Amino acid sequence: MGLMATSIPVQIPATLRSECGGQSQLVVYAATVGEALLQLEQNYPAVYRSVCDETGTVRRHVHLFVNSDLVFGDNSFDTPLNSGDIFFIMPAVSGG
Amino acid sequence: MAERLILCIGTKKGLFIAESGKTRHRFELRGPFRPGVGVYSALIDQRGTKPTIFASSCCPFFGMKILRSTDLGQTFKETKSAPAFPKDDGRALANIWSLEPGSGKRDLLCGVEPASLFRSKDGGNSWELVPGISNHEHSRQWHPGNGGLCMHTIVREGNRMHLGISTGGHYLSEDGGKTFNASNNGVGAGFVPDPYPEFGQCVHKIATHPDAPGRLYMQNHGGWEDRPGIGVLRSDDHGHTWRSIAAGLPSDFGFPIVVHPHNAETIYVVPLDPATRTCPENRPAVWRSDNGGDNWKRLAKGLPKKESYFTILRDAMTIDHLKSPSLYFGTTTGQLWIGRESGDQWDCLFDSLPPINCVKVAVV
């Protein structure tokens, strides 16, 4: 049985809010990180393009977190999202 | 309104606009627009009734944008979209290196990294990949130079189109951009066993003049002791064959090459030491030829005489089209210089900008 989709708040960093009408938080209905990104692509394409490149890869200087856990690795898009989770989009630290 | 001179200065940390009257005595600076974001290419498009400025905004965090200004660089807005590879292509846009007018009134051409060409038919709001070069059979064999695998030069000459790719070489279309062939006969390479390969050269810049159809000048990646003279080249047959015009220069390595607006025989280069990419003996100078590359003259009046360690990048030198034109170059140390009287007298206009990637000028 597949995971159950649930309502997940998506925290948008200040530098990306211009891509979604100034909103600091969006909501997706998703069971995994991959599903959340797919909904961003459909509903907020400018935000999605800032997070993922044309191949669907998360940009090198963007980090995704579920709560305080960094989402990374080969199966990162399968990371489950559960009721109460918060999905964060963050600019990665760059420079010294 | 009296004619004004507009300079677009693309830097590592945003776009600046400098404006002056035709005397070019005093320039006023505004910006940065998109502060903190690299700008590698700009275009002052004068085809319409009102000039439009375009610039690439290349954010390493969140991707690429095209900026557009219809008020001479007072304000900039993003176009509705930027070039992007089709989803199933497998390539992702890494940088925007060139913006040039296309053949139609609102057509734009855009060269990107990884080396590919995009075309817009609506002033930059939507873009399509130009397959003739972007999916060329050679394209997966090109490889990046120090600046990345970039299509940095787009030169239109009637139905012909010349492209400069680093490292891919010179590609020529003679059917308006539908198909392209590598056209590097005489263009050398110092970093592969074959000194004159079919393609794969590290072309740095190509320049033409509208009054001299068929004539092209190229700054290629020179500086090879065992393959001398391959860095500065000229073609007189629309880029089918090339010959060296480097004799007389202190180095055949450099990035920009610029043609005088009123004389196709007058060209400018900035020779650099190939190892340090700074001017020989750390004394910057622009070199001018008044006879199509047969002889060269050093122009350094007003430039520092010692202890200068900057590089001038491929798109960081340009020339205006006034009766007595001035040259402009920007440095990787953030200085913008003006070479008055066709480069005979140099003055520093701005000395503390961010590192400069590109400089474009227009009289509007």
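This is a predicted model: local features need pLDDT of at least 70, side-chain atom pairs count only at pLDDT 80 or more; totals for chains, interfaces and linings use all residues.
Figure 1. Of the 96 residues of chain A, 25% count as buried.

**Figure 2. Chain A is built from two helices and five strands.** In what pattern do they follow one another along the sequence of chain A? The pattern is β-β-α-α-β-β-β. Now look at contacts in chain A between residues at least 6 apart in sequence. Of these contacts, 58% join residues at least 24 apart.

**Figure 3. Helix α1 of chain A has buried residues along one face.** The helix spans residues 33-43. Which of its residues are buried? They are A:V33, A:A36, A:L37 and A:L40. Seen down the axis of α1(A), these buried residues fall within an arc of 95°, so they line one face of the helix.

**Figure 4. Several elements of chain A cover the buried residues of α1(A).** The cover includes four strands of chain A: β1 (6-11), β2 (25-30), β3 (62-66) and β5 (87-91). It also includes a helix, α2 (45-51) of chain A.

**Figure 5. Chain B touches chain A.** How many residues of chain B are in contact with chain A? Eleven residues of chain B meet eleven residues of chain A. The side of chain B that touches chain A has seven nonpolar residues.

**Figure 6. Strand β6 of chain B is largely enclosed.** This strand covers residues 63-69 of chain B. Seven of its seven residues are buried, so the rest of the structure largely encloses β6(B).

**Figure 7. Strands β5 and β6 of chain B form a hairpin.** Three residues link β5(B) to β6(B) in this hairpin. Strand β5 of chain B spans residues 52-59. Do β5(B) and β6(B) run parallel or antiparallel? They run antiparallel, and seven bridges join them. Find B:C58: it stands opposite B:M64 in β6(B).

**Figure 8. Strand β6 of chain B also pairs with β7(B).** Strand β7 of chain B covers residues 77-78. The pairing of β6(B) with β7(B) is antiparallel, over two bridges. Which residue stands opposite B:L67? It is B:E78 in β7(B).

Notes:
Residues are numbered from 1 along each chain as its sequence is written. Chains are lettered from A and ligands numbered from 1 in the order in which they are written. A residue is buried if 20 or more other C-beta atoms lie within 10 Å of its own, exposed if 12 or fewer, and partly exposed in between; C-beta atoms are placed from the backbone. Two residues are in contact if their C-beta atoms, placed from the backbone, lie within 7 Å. The arc is that of the directions from the helix axis to the C-beta atoms. Ala, Val, Leu, Ile, Met, Phe, Trp, Tyr, Cys and Pro count as nonpolar, Asp, Glu, Lys and Arg as charged, and the others, Gly among them, as polar. Two strands pair if DSSP finds at least two bridges between them.
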